[in-house]
Amino acid sequence: MTKIGLFDSGVGGLSVFRAVARELPEYDLVYFADQKYCPYGPRPQKEIRALSKRIVEFLISENCRVIVIACNTASAAALY
């Protein structure tokens with residue numbers, strides 16, 4: 001079965017998790033809340049990218065084939 005990984009810097013992404021679970025009940029979901037480094041907002045962009053990369057690598061190691069960034073700060077850092 002295909003796994004979908006989702007991550008956020010805290011628990012705010014749980015609303016995204018719930019929406020994905022509701023719309024795609026046939027998929028296994030893995031949620032990673034990075035509460036150790038929460039909040040991401042005041043951190044330098046380079047650090048946010050490094051934290052996000054580490055989480056994505058973890059989700060890939062858990063066999064997630066799709067990864068959802070449920071964190072606005074990490075999404076914005078990825079765009080630049």
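Q: What should I know about the model and its numbering before I start?
A: Residues are numbered from 1 along each chain as its sequence is written, and side-chain values use heavy atoms, with hydrogens and water left out. The model is predicted: local features need pLDDT of at least 70, side-chain atom pairs count only at pLDDT 80 or more, and totals for chains, interfaces and linings use all residues.

Q: How many residues does α2 have, and what span does it reach?
A: Helices (H or I, at least four residues) and strands (E, at least two) are DSSP runs, numbered from the N terminus. The expected span of a helix is 1.5 Å times one less than its number of residues. Here α2 has 17 residues and reaches 24 Å from its first C-alpha to its last, close to the 24 Å expected. Asn 63, with a positive phi near 70°, follows α2.

Q: Which residues of α2 are buried?
A: Let's begin with the general idea. An α-helix has 3.6 residues a turn, so residues three or four places apart point the same way. Buried means under 20% relative accessible area, exposed over 50%, and partly exposed in between (1.4 Å probe, protein chains only). In α2, the buried residues are Ile 48, Leu 51, Ser 52, Ile 55 and Leu 59. Seen down the axis of α2, they fall within an arc of 95°, so they line one face of the helix; the arc is that of the directions from the helix axis to the C-beta atoms. The face turned away from this buried side carries the exposed residues Lys 46 and Lys 53.

Q: What do the buried residues of α2 pack against?
A: Contact means heavy atoms within 4.5 Å. The buried residues of α2 pack against β1, β2, β3 (64–69) and α3 (72–79). Take Ser 52, which is buried at a relative accessible area of 10%: leaving aside residues up to four places away in sequence, Ser 52 touches Phe 7, Tyr 40 and Ala 74. With the same exclusion, Leu 51 touches Asp 34, Tyr 37, Tyr 40 and Arg 43.

Q: Which residues make up the largest nonpolar core?
A: In soluble globular proteins, nonpolar side chains tend to be buried together. A nonpolar core is a set of buried Ala, Val, Leu, Ile, Met, Phe, Trp, Tyr and Cys residues joined through side-chain atoms within 4.5 Å. The largest one in this model has eleven residues, among them Phe 7, Val 30, Tyr 40, Cys 64 and Ala 77. Both α2 and α3 supply at least two residues each, and α2 gives the most, with four residues.

Q: How many disulfides are there?
A: A disulfide is a covalent bond between the sulfur atoms of two cysteines. The cut-off used here is a pair of cysteine sulfur atoms within 2.5 Å. The whole structure has zero disulfides. For Cys 38, the nearest cysteine sulfur is that of Cys 71, 8.3 Å away. The sulfur of Cys 64 is 17 Å from the closest cysteine sulfur, in Cys 71, too far for a bond. Cys 64 is buried, with a relative accessible area of 3%, whereas Cys 38 is partly exposed at 38%.

Q: How many aromatic pairs does a search find?
A: Rings of Phe, Tyr and Trp (its six-membered ring) pair if their centres lie within 6.5 Å; planes under 30 degrees apart count as stacked, over 60 as edge-to-face and the rest as tilted. The search finds two pairs. One of them, Phe 17 with Tyr 31, is edge-to-face, at 5.8 Å centre to centre and 70° between the planes. This pair links distant parts of the chain, with Phe 17 in helix α1 (residues 14–23) and Tyr 31 in strand β2 (residues 28–33).
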